[in-house]
Amino acid sequence: MNRKMRKKKASRQGAVAMRGKAAAKTVDEYLADVPEPARSTLKRVRAVIRSVVPAETTEVISYGIPTFKYKRGLVAFAAFSNHCSFFPLGSSVLDSFKEELKEFRVSKGTLHFPVDKPLPAALVKKIVRARIEQNEGRK
């Protein structure tokens, strides 16, 4: 395996490998294993998401990361060694916010942000609401 492939594989495993433990079974377990300042950053992002999702939304660990489900996957978030990520689980939604996302690294359905700086609450709310609309529009 060449260096580039190893780096990519390590990046994909970052959320789980970072803890060096068995995969978390709950979002609270996941967050407890995330080092500061990323833990506080993700807790703030989680609180913002919770403030706008419908009551029947559930929080689960899916693919090793905290995920909100409403009818189907809604959004997810994770901590990695050098950044945090926010995953609107419908990558097309990020296209609607290109102007507001200029200061962030965006790659194929993922929004990267610093471990010590949560995403702006207003932006998270807009993206989550857009994902809710997408999920409600699907049969």
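A residue counts as buried when its relative accessible area is under 20%, as exposed when that area is over 50%, and as partly exposed in between, using a 1.4 Å probe and protein chains only. By this scale Y63, at 83% relative accessibility, is exposed.

The structure is a predicted model, in which local features need pLDDT of at least 70 and side-chain atom pairs count only at pLDDT 80 or more, while totals for chains, interfaces and linings use all residues. Residues are numbered from 1 along each chain as its sequence is written, and side-chain values use heavy atoms, with hydrogens and water left out.

## Overall organisation

The protein chain contains six helices and six strands, where helices (H or I, at least four residues) and strands (E, at least two) are DSSP runs numbered from the N terminus. Along the sequence these elements follow the pattern α-α-α-α-β-β-β-β-α-β-β-α. Of the 139 residues in the protein chain, 44% are buried. Contact here means heavy atoms within 4.5 Å, and among contacts between residues at least 6 apart in sequence, 56% join residues at least 24 apart.

## The nonpolar core

A nonpolar core is a set of buried Ala, Val, Leu, Ile, Met, Phe, Trp, Tyr and Cys residues joined through side-chain atoms within 4.5 Å. The largest such core in this model has 40 residues, and those with the most contacts inside it are I49, F86, I127 and V128. The elements giving two or more residues to this core are helix 3 (27-33), helix 4 (38-52), helix 5 (92-95) and helix 6 (121-137), together with strand 2 (65-70), strand 3 (72-79), strand 4 (84-88) and strand 6 (110-113). When neighbours within four places in sequence are left aside, I127 is in contact with F86, P88, V93, L94, F97, L101 and L111.

## Helix 4 against helix 6

Two packed helices are described by the angle between their axes and the distance between the axes. The axes of helix 4 and helix 6 come within 9 Å and cross at roughly 45 degrees, the axes being lines fitted to C-alpha atoms, for helices over the stretch in contact, with angles running from 0 to 180 degrees between N-to-C directions. Helix 4 is therefore oblique to helix 6, given that angles under 35 degrees count as roughly parallel, over 145 as roughly antiparallel, 65 to 115 as roughly perpendicular and the rest as oblique. The crossing of helix 4 past helix 6 is right-handed; a crossing has this hand if the near helix is turned clockwise from the far one by less than a right angle, and is left-handed if anticlockwise.

From helix 4 the contact is made by V48, I49, S51 and V52, and from helix 6 by A121, V124, K125, V128, R129 and I132. By class this contact has seven nonpolar, one polar and two charged residues, where Ala, Val, Leu, Ile, Met, Phe, Trp, Tyr, Cys and Pro count as nonpolar, Asp, Glu, Lys and Arg as charged, and the others, Gly among them, as polar.

## Backbone features in loops

The peptide bond from E36 to P37 is cis, with omega near 5 degrees, and P37 is found in the loop between helix 3 and helix 4. Y63, a residue other than glycine, has a positive phi near 55 degrees and is found in the loop between strand 1 (58-62) and strand 2. K71 is likewise not a glycine and has a positive phi of about 70 degrees; K71 lies in the loop between strand 2 and strand 3 and, at 59% relative accessibility, counts as exposed.

## Pairs separated in sequence

The table lists C-alpha to C-alpha distances for pairs of residues.

| Pair | Separation in sequence | C-alpha distance |
|---|---|---|
| S62 and T26 | 36 residues | 9.7 Å |
| R50 and F68 | 18 residues | 8.9 Å |
| A23 and G64 | 41 residues | 6.3 Å |
| S40 and V115 | 75 residues | 8.8 Å |

S62 lies in strand 1 and is buried, with a relative accessible area of 18%. R50 lies in helix 4 and is partly exposed, with a relative accessible area of 45%; not counting residues up to four places away in sequence, R50 touches E59 and F68. A23 lies in the loop between helix 2 (14-17) and helix 3 and counts as partly exposed at 43% relative accessibility. S40 lies in helix 4 and counts as partly exposed at 26% relative accessibility.
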